[in-house]
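My entries follow in the order I made them.

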Amino acid sequence: MQSSFPLFPPSASSIATDVDLLYFFILAVSSFFAILVTLAVIYFAIRFRRRHEDEVGHDIHGSITLELVWTFIPFVLAMVMFFWGADLFFKLSRPPADSMDVFVVGKQWMWKVQHPDGMREINELHVPINRNVRITLGSEDVLHDYYIPAFRVKMDAVPGKLTTMWFKATKAGTYRIFCAEYCGTQHSGMVGQVIAMEEHDYEAWLAGGRSTGTAVENGEKLFTALACVTCHKSDASGRGPLLAGVFGSTVQLMDGRKVVADENYIRESIMNPQSKIVLGYQPIMPTFQGTVSEENLLQLIAYIKTLKPAAGKEGAPGGSAPAAAGAGHETGK
Ligand code: CUA
């Protein structure tokens with residue numbers, strides 16, 4: 001349908017039909033009422049026109065029934081749109097747990113892509129079909145917006161934070177990528193293409209490229225090169241919080257707040273360490289703003305995600321884990 005009707009992009013992801021259905025529903029409801037109101041205006045204008053110079057209109061005193069009807073029907077329709085849209089929004093904003101990760105960084109005026117195995121590309125995005133792909137988006141300068149019409153997904157790339165989107169491509173092919181947020185003179189040229197491939201073609205493509213180390217490997221190198229490792233030691237003896245198992249855990253802060261250690265928390269802790277101090281630690285970490293690029297940040301986060309608590313139980317970093325480790329030392333010696 002879409003290919004013969006050029007107003008519509010091809011539909012090539014698992015969510016595309018759902019998005020289209022809601023769109024067509026809203027379009028149909030809007031068209032129906034637009035036509036209804038227009039016809040009524042024309043009909044009434046003719047039917048109730050003034051026929052004599054001295055004709056005076058009747059007084060009308062309203063109708064409760066009519067008012068209830070034209071309040072209730074639009075209310076129901078609006079609620080249908082709201083809950084349908086909300087349901088779809090939740091689906092779009094919750095990447096499935098089995099998604100493969102791809103990092104994308106927007107920069108005036110290009111999209112830099114990093115695959116989990118370290119393969120990089122610019123303004124192109126190769127993905128396998130029938131697999132959930134989670135895009136983690138960052139921006140190196142200003143607001144951009146990663147938009148793949150054929151997949152019906154679109155997400156802002158916001159400087160200073162990380163955002164995510166996900167899709168599952170269903171049809172092999174080449175589709176357009178746009179920047180959908182005005183970002184400077186070359187905004188309209190900030191385009192690219194996504195190449196959705198059969199799984200084996202994707203593997204072959206990955207194997208054909210020269211990889212510069214996986215995101216995790218690069219993150220680990222940075223972790224040493226930037227001397228993070230001198231304070232965040234692998235046991236709890238460092239001056240900085242233990243990072244093993246920190247990702248996804250709840251962290252107790254000095255000011256009494258508790259936060260979940262997600263991508264944005266780790267990002268903020270690297271770029272602006274003073275903003276959230278973990279309970280029991282000193283605010284001594286320097287900022288890495290300007291030292292670490294958005295791509296490096298994504299690599300560091302990928303590495304920190306892989307750090308698992310050593311032998312012990314589910315190490316709650318900053319909380320009970322250091323205490324438990326301390327106790328272990330005493331009994332051990
Ligand atoms: Cu980047 Cu518009």
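**Entry 1: ground rule.** I count a salt bridge when a side-chain nitrogen of Lys or Arg lies within 4 Å of a carboxyl oxygen of Asp or Glu. I am working on a predicted model.

**Entry 2: salt bridges.** I looked for linked groups. I found Asp101, Arg134, Glu263 and Lys305 joined in a network of salt bridges. Then I took the total. The structure holds 14 salt bridges. I noted the general point that side chains of opposite charge can pair when their charged atoms come close.

**Entry 3: glutamate 203.** Which side chain does glutamate 203 meet in a salt bridge? I found arginine 131, at 3.9 Å from N to O. This pair links distant parts of the chain, 72 residues apart. Glutamate 203 sits in helix α3, residues 199-208. Arginine 131 sits in the loop between β4 (124-128) and β5 (132-139). Glutamate 203 has 38% relative accessibility and counts as partly exposed. Arginine 131 has 29% and also counts as partly exposed.

**Entry 4: arginine 267.** I moved to another pair. The side chains of arginine 267 and glutamate 294 form a salt bridge at 2.6 Å, N to O.

**Entry 5: glutamate 268.** I looked up glutamate 268 next. Its side chain meets that of lysine 276 in a salt bridge, 2.6 Å from N to O. Glutamate 268 is partly exposed, with a relative accessible area of 25%.

**Entry 6: cysteines.** How many disulfides does the structure hold? I counted 0. Cysteine 228 is in no disulfide, and the nearest cysteine sulfur, that of cysteine 231, is 9.0 Å away. The cut-off I used is 2.5 Å between cysteine sulfur atoms. I also checked burial. Cysteine 228 is buried, at 15% relative accessible area. Cysteine 231 is buried as well, at 18%.

**Entry 7: β1 and β2.** I turned to the strands. Strand β1 covers residues 100-107 and pairs with β2 in the antiparallel sense over 5 bridges. A hairpin connects β1 to β2 through 2 residues. Which residue in β2 stands opposite phenylalanine 103? I found glutamine 114 there. I then checked how covered strand β2 is. Strand β2 runs over residues 110-114 and is mostly covered, with 4 of its 5 residues buried.

**Entry 8: β2 and β3.** Strand β3 covers residues 120-122 and pairs with β2 in the antiparallel sense over 3 bridges. I looked up the partner of valine 113 in β3. The bridge partner is glutamate 121. How many residues lie between β2 and β3 in their hairpin? I counted 5. Glycine 118 is in that turn, and I noted its positive phi of about 105 degrees.

Methods. Residues are numbered from 1 along each chain as its sequence is written. This is a predicted model: local features need pLDDT of at least 70, side-chain atom pairs count only at pLDDT 80 or more; totals for chains, interfaces and linings use all residues. Side-chain values use heavy atoms; hydrogens and water are left out. Buried means under 20% relative accessible area, exposed over 50%, partly exposed in between (1.4 Å probe, protein chains only). Two strands pair if DSSP finds at least two bridges between them.
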